[in-house]
Amino acid sequence: MCLAVPGRVLGVEERDGTRMATVDFGGVVKEVCLEYLPDLKVGEYAIVHVGFALQRLDEESARRTLELFEDLGMLQEEFGDPWEQAAQFGDEEPAREVRR
């Protein structure tokens, strides 16, 4: 599943003509493109989807959403270690092949 996740901007810089930010998603830090929100500042929150900041968000809404995602295990699903996730699914019974 690919979510739009709220995150807090920790730092902003320009790289090769593109504004980029370091964003904290409840303890997971990722690089995000700010081309859709070029005036986003350090300390502000934004909704991020597939590496792009799409919309500003107030702090209270961001915190509530991050807590909900964490409670539901969605942050781990979105940002967890893909090798660890693959190992977990590897223990399950394999999907059966569908023949037509």
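Visitor: Which residues are linked in a network of salt bridges?
Guide: Glu13, Arg15 and Glu31 are linked in such a network. A salt bridge here is a side-chain nitrogen of Lys or Arg within 4 Å of a carboxyl oxygen of Asp or Glu. Between glutamate 13 and arginine 15, the closest N and O atoms are 3.4 Å apart.

Visitor: What kind of model is this?
Guide: This is a predicted model, in which local features need pLDDT of at least 70 and side-chain atom pairs count only at pLDDT 80 or more, while totals for chains, interfaces and linings use all residues. Residues are numbered from 1 along each chain as its sequence is written, and side-chain values use heavy atoms, with hydrogens and water left out.

Visitor: What is the mean pLDDT of the protein?
Guide: The mean is 81, and 72% of the residues reach 70 or more; pLDDT is the predictor's confidence in each residue, from 0 to 100.

Visitor: Which elements have the lowest and the highest mean pLDDT?
Guide: Helix H3 (residues 82-90) has the lowest, 55, and strand S5 (residues 52-57) the highest, 95. Helices (H or I, at least four residues) and strands (E, at least two) are DSSP runs, numbered from the N terminus.

Visitor: Back to salt bridges: how many does the structure hold?
Guide: It holds 6 salt bridges. One of them joins the side chains of arginine 56 and aspartate 39, at 3.1 Å from N to O. Arginine 56 lies in strand S5 and aspartate 39 in the loop between strand S3 (28-33) and strand S4 (45-49), so the pair ties together parts that are 17 residues apart in sequence.

Visitor: And where do arginine 63 and glutamate 59 lie?
Guide: Both lie in helix H1, 4 residues apart, about one turn of the helix.

Visitor: Which residues of H1 are buried?
Guide: Ser61, Ala62, Leu66 and Phe69 are buried in H1. They cover an arc of only 130 degrees around the axis, which puts them on the same side of H1; the arc is that of the directions from the helix axis to the C-beta atoms. Buried means under 20% relative accessible area, exposed over 50%, and partly exposed in between (1.4 Å probe, protein chains only).

Visitor: What does the face turned away from the buried side carry?
Guide: That face of H1 carries the exposed residues Glu67 and Asp71.

Visitor: What follows H1?
Guide: Glycine 73 follows H1, with a positive phi near 80 degrees.
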